[in-house]
Structure formats: C-alpha cells, structure tokens
Amino acid sequence: MANDRLRALEEVEKEIAMILQCAGNIVLELSKDKHNASLLDRQLVQFQSSVSRVENELSGQIRYLTQ
C-alpha cells in the first residue's frame, strides 16, 4: 500500500515536470513574432490535463492522509 502511494507521488512529480515543460514551450512560442496557434493549443491542452491530473491525485493523497 505504501509503495503504491509512493509510486503515485512519483507520477505526480513527472506530471509537474510536464507542466513546467508545457509552460516553457508556451512562453517560448508566445515570445516569437509569429506564433503557431495549433502548437499553442496543443501545449495548452496538455498543460491543463496535467494540472488536472496533479490536482486530482494530490487531493486523493490528502484525503487518504486525513483519514
């Protein structure tokens, strides 16, 4: 059980790295004179889904710890 929790937190860590990478890509693309709207859209969707997964997993971890 504890190993499962640790693995889940490792996955959260990977998702946070993905969030930072997507944010960096978005900022880099926005800094260009002509930015690629479809790339921005894809990065934004990835960013939002990663944030949602992190939020859900951390909420579950917090619920578990408060029980």
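Ser-50 is buried, with a relative accessible area of 0% (buried means under 20%, exposed over 50%, partly exposed in between, with a 1.4 Å probe and protein chains only). This is a predicted model, where local features need pLDDT of at least 70, side-chain atom pairs count only at pLDDT 80 or more, and totals for chains, interfaces and linings use all residues. Residues are numbered from 1 along each chain as its sequence is written, and side-chain values use heavy atoms, with hydrogens and water left out.

**View 1. Ser-50 and its contacts.** Ser-50 sits in helix 2, residues 37-66. Helices are DSSP runs of H or I with at least four residues, strands are runs of E with at least two, and numbering starts at the N terminus. Residues up to four places away in sequence aside, Ser-50 touches Glu-15, Met-18 and Ile-19. Contact means heavy atoms within 4.5 Å.

View 2. Helix 2 has 30 residues. From first C-alpha to last, helix 2 reaches 43 Å, close to the 44 Å expected at 1.5 Å a residue (the expected span is 1.5 Å times one less than the number of residues). Leu-40, Gln-43, Ser-50, Val-54, Gly-60 and Gln-61 are buried in this helix. The buried residues of helix 2 pack against helix 1.

View 3. Gln-61 belongs to helix 2. Gln-61 counts as buried because its relative accessibility is 7%. With neighbours within four places in sequence left aside, Gln-61 is in contact with Arg-5, Ala-8 and Leu-9.

View 4. Glu-15 forms a salt bridge with Arg-53, with the closest N and O atoms 3.1 Å apart. Glu-15 lies in helix 1 and Arg-53 in helix 2, so the pair ties together parts that are 38 residues apart in sequence. A salt bridge is a side-chain nitrogen of Lys or Arg within 4 Å of a carboxyl oxygen of Asp or Glu. Arg-53 is partly exposed, at 39% relative accessible area. The whole structure holds four salt bridges.

View 5. The side chains of Glu-11 and Lys-14 meet in a salt bridge (3.5 Å, N to O). These two residues are three apart in helix 1, so about one helical turn separates them. Glu-11 is partly exposed at 45% relative accessible area. Lys-14 is exposed at 55%.

**View 6. The Lys-32 and Glu-29 pair.** Lys-32 forms a salt bridge with Glu-29, and their closest N and O atoms are 3.1 Å apart. Lys-32 counts as partly exposed, at 43% relative accessibility. Glu-29 counts as buried, at 6%.

**View 7. A nonpolar surface patch.** Met-1, Tyr-64 and Leu-65 form this patch, with about 360 Å² of accessible area together. Accessible areas come from the Shrake-Rupley method with a 1.4 Å probe; for residues, only the protein chains shown count as cover. Patches are made of residues with over 30% relative accessible area and no salt bridge, joining like charges within 9 Å and nonpolar side chains (Val, Leu, Ile, Met, Phe, Trp, Tyr) within 5 Å. Met-1 lies in the segment before helix 1 (2-30). Met-1 counts as exposed, at 62% relative accessibility.
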